[in-house]
Amino acid sequence: MNILITGGAGFIGSHVVRLFVKKYSGYHIFNLDALTYAGNLENLKDLENRPNYTFIKGDITDENHINTLFNKYRFDGVIHLAAESHVDRSIKDPLAFVKTNVIGTINLLNAFKNIWNEDYKGKLFYHISTDEVYGTLGETGLFTETSSYDPNSPYSASKASSDHFVRAYGETYKLPYVISNCSNNYGPNQFPEKLIPLFINNIMNSKPLPVYGDGNYTRDWLYVKDHAKAVDLVFHKAEHGETYNIGGFNEWKNIDLVRLLCQKMDDKLERHEGTSEKLITYVKDRPGHDLRYAIDASKIKEELGWEPSVTFEEGLEKTIDWYLNNKDWLDHVTSGEYQAYYDKQYAK
Ligand code: NAD
Ligand code: TYD
């Protein structure tokens, strides 16, 4: 079986690629990634010499290249993670999100459809998406697979659009697909523009911790390796044409999470209690900021037997330790473009 994983040099993709390459020696895993600012082959150094792994540098918006690759390797399965993934960047440059997340996804769907020409036995297109397509919750309630789509940011609108195209290809061309919509991930290898790695990096460097608005926004956090395990299960066991919500059963208000992180970092760095909390700085809110995300993950639990294996306490410890032990990785990814982004995003 030839399996294409897109976006495998990114945060979640690198954990999915590692799990598949190590667990399934009978699959050849092709990792297609454009290596944008968020993609980094250092994430996969340990796999470079594996015989069942090939990296291909390529952009999913490049229709000709995508068609050439599908014709050459005839991918039996696609696990599609490549995306522009950061809400704040989407507010600054929505079109980049339309290009990669919508047009890029359609290029992959077309190429998959063209090589199999309706002979889809044993084939699957697995689209990885986000709970942000459902928009925002109030103080109560959970997103289920039947919640209506109501995206509020250019990022979530582009992901919602790509979900709709995948489903439409299923209905119109009988293309076999599954979609999963996951809550916020955290863990090793996450680019330090997202809340948890950004704040770990800033605490390490004694820089301000920019909390948006009043900090009373809620997210449901899942350890990335538990997401990768869910992807494995969905890819192999899910009913085609279905959607699965994946979540951590783990809601935190941003400000509470940040305080916990500060305490743990003080401990690890042997700083006086309260040192990191002094770095908390309330800044201008994100426009269109969704109040609360929370997932009802009972469908994947009941149908596929998945649930998170790591508690938030354990996951956060592992994550902090990884960043403290991988300062070279942080230094490499925070040079160049990162600094320009940071200065612009957090300018007073
Ligand atoms: P990421 O930004 O860390 O990685 C994205 C990867 O895609 C990078 O390696 C990048 O180089 C690659 N890429 C970007 N544009 C590309 C293009 N045009 N062609 C080829 N490759 C391209 O993202 P992530 O956090 O790992 O998210 C992966 C997927 O999971 C995305 O589809 C995202 O929407 C979804 N998701 C993320 C989260 C989360 O909390 N991070 C939660 C739910 C769903
Ligand atoms: P983020 O990690 O960007 O994920 P998402 O927007 O996809 O949920 O942000 C998580 C939460 O943290 C979100 O409510 C926005 C907030 N946040 C801050 O308060 N300050 C920051 O600097 C960042 C990046 C995020």
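Strand 5, helix 5 and strand 6 come together as a right-handed β-α-β unit (right-handed means that, with the strands pointing away from the viewer, the path from the first strand over the helix to the second runs clockwise). Helices (H or I, at least four residues) and strands (E, at least two) are DSSP runs counted from the N terminus. The model is predicted, so local features need pLDDT of at least 70 and side-chain atom pairs count only at pLDDT 80 or more, while totals for chains, interfaces and linings use all residues. Residues are numbered from 1 along each chain as its sequence is written, chains are lettered from A and ligands numbered from 1 in the order in which they are written, and side-chain values use heavy atoms, with hydrogens and water left out.

- Seven strands build an open sheet in the order 3-2-1-4-5-6-10, with parallel pairing (two strands pair if DSSP finds at least two bridges between them).
- Strand 3 (53–57) and strand 10 (243–246) sit at the edges with a single partner strand each, so one side of each has no neighbour in the sheet.
- On average, neighbouring strands here are turned by 20° against each other, direction ignored (axes are lines fitted to C-alpha atoms, for helices over the stretch in contact, and angles run from 0 to 180 degrees between N-to-C directions).
- Strand 1 (residues 2–6) pairs in the parallel sense with strand 4 (residues 77–80) over four bridges, and Ile-5 stands opposite Ile-79 in strand 4.

**Around strand 6**

- Six of the six residues of strand 6 are buried, so the rest of the structure largely encloses it (buried is under 20% relative accessible area, exposed over 50%, partly exposed in between, with a 1.4 Å probe and protein chains only).
- Tyr-177, Ile-179 and Asn-181 point one way from strand 6, while Val-178, Ser-180 and Cys-182 point the other way.
- Strand 5 and strand 6 pair in the parallel sense over six bridges, with His-127 opposite Ile-179 in strand 6.
- Strand 6 also pairs in the parallel sense with strand 10, over four bridges, and there Ile-179 has Thr-243 as its bridge partner.
- In strand 10, Thr-243 and Asn-245 point one way and Tyr-244 and Ile-246 the other, and all are buried.

**Helices across the sheet**

- Helix 1 (residues 11–23) lies across strand 1, strand 2 (28–33), strand 3 and strand 4, at about 165° to strand 2.
- Helix 5 (residues 154–173) lies across strand 5 (124–130), strand 6 (177–182) and strand 10, at about 155° to strand 5.

**Ile-280**

- Ile-280 belongs to strand 12 (residues 280–283) and counts as buried, at 17% relative accessibility.
- Arg-259 is 21 residues away from Ile-280 in sequence, and their C-alpha atoms are 8.7 Å apart.
- Beyond its neighbours within four places in sequence, Ile-280 is in contact with Leu-209, Val-211, Ile-255, Val-258, Arg-259 and Cys-262 (contact means heavy atoms within 4.5 Å).
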